[in-house]
Amino acid sequence: MTAADDVKADLLRYLQMARDALLWKLDGLSEYHVRRPMTPTGTNLLGLVKHLTFVELGYFGPTFGRPVDEVRAWVEDDGSDPNWDLWATADESREQILDGYRRAWAVADATVTDLPLDAVGEVSWWTSGRVTLHRILVHVIAETHRHLGHADIVRESIDGAVGARRDVDNLPEVDAAWWPAYRERLEGVAREAGDR
């Protein structure tokens, strides 16, 4: 295995960790809750998955001369229906969105496997479009983790579930009564700082 292969493996591992965590954020939730807009700008869990599907298809497909028909609407978006890729219609099932995301993984993983990290591509929607596969991998990892952060907050707001997996919440081991007191403590500090 070469050093470049090690780098590819590391990058794919971090991308897959984020992919898996994002899908976990939908586990056990109703259709309403996976689609429910939880911020003033409409952020919702299923919409984040749909968006990242197009991100992976677009950046790992046509960017490297590997056409993917289902991403054409995203790449050629004229802006007439803003945010269409950030929510699922009532006719788009959760299974369709999740299957589409997994298909996008296959496209992305095949591109990463088939091409060297210094392979050059062209991102048609960037002003300086020439990129390497390495740069695109880093970009998509950053974007996926960014949206995973959104999903963390949305899921916690829905039912209190937190963490990268159901069995790993990365929180201190404290009883349930500790959290309201902690939050109140932080609220007090914020008020004190705001009064200065």
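1. A quick term before we start: a residue is called partly exposed when its relative accessible area falls between the buried limit, under 20%, and the exposed limit, over 50%. Leu171 has 35%, so Leu171 is partly exposed. Keep in mind that this is a predicted model.

2. Where does Leu171 lie? Look in the loop between helix H6 (133-159) and helix H7 (178-194). Leu171 also belongs to a nonpolar surface patch with Val174, Trp178, Trp179, Tyr182 and Leu186, and together they have about 480 Å² of accessible area.

3. Leu171 turns up again in the lining of the second largest pocket, alongside Trp24, Glu156, Gly160, Ala161, Val162, Arg166 and Trp179. That pocket holds about 180 Å³ of space, and its lining counts five nonpolar, one polar and two charged residues.

4. The H6–H7 loop also holds Asn170, whose phi is near 60°, a positive value in a residue other than glycine. Most residues other than glycine have a negative phi. Asn170 has 63% relative accessibility, so Asn170 counts as exposed.

5. Asn83 has a positive phi too, near 65°. You'll find Asn83 in the loop between helix H4 (72-75) and helix H5 (94-114). With 44% relative accessibility, Asn83 is partly exposed.

6. Asn83 is one of the residues lining the largest pocket, and others include Thr41, His51, Trp87, His147 and His150. The volume of the largest pocket is about 230 Å³. Helix H3 (45-60) and H6 each give two or more residues to its lining, with H3 supplying the largest share, three residues. By class, the lining has nine polar, three nonpolar and no charged residues.

Definitions and conventions:
Residues numbered from 1 in each chain as written. Predicted model: local features only at pLDDT ≥ 70, side-chain atom pairs only at ≥ 80, totals over all residues. Heavy atoms only, no water. Patch = residues over 30% accessible without salt bridge, like charges linked within 9 Å, V, L, I, M, F, W, Y side chains within 5 Å. Areas by Shrake-Rupley, 256 points an atom, 1.4 Å probe, with all protein chains shown as cover. Salt bridge = Lys/Arg side-chain N within 4 Å of Asp/Glu carboxyl O. Helix = DSSP H or I, 4+ residues; strand = E, 2+ residues; numbered from the N terminus. Buried < 20%, exposed > 50% of the residue type's maximum accessible area, 1.4 Å probe, protein only. 1 Å grid on protein atoms, 1.4 Å probe; cavity = no way out; pocket = protein on both sides within 12 Å on 5 of 7 lines; lining within 4 Å. Points joined across faces, edges and corners; volume = space filled by probe spheres on them. Nonpolar A, V, L, I, M, F, W, Y, C, P; charged D, E, K, R; others polar.
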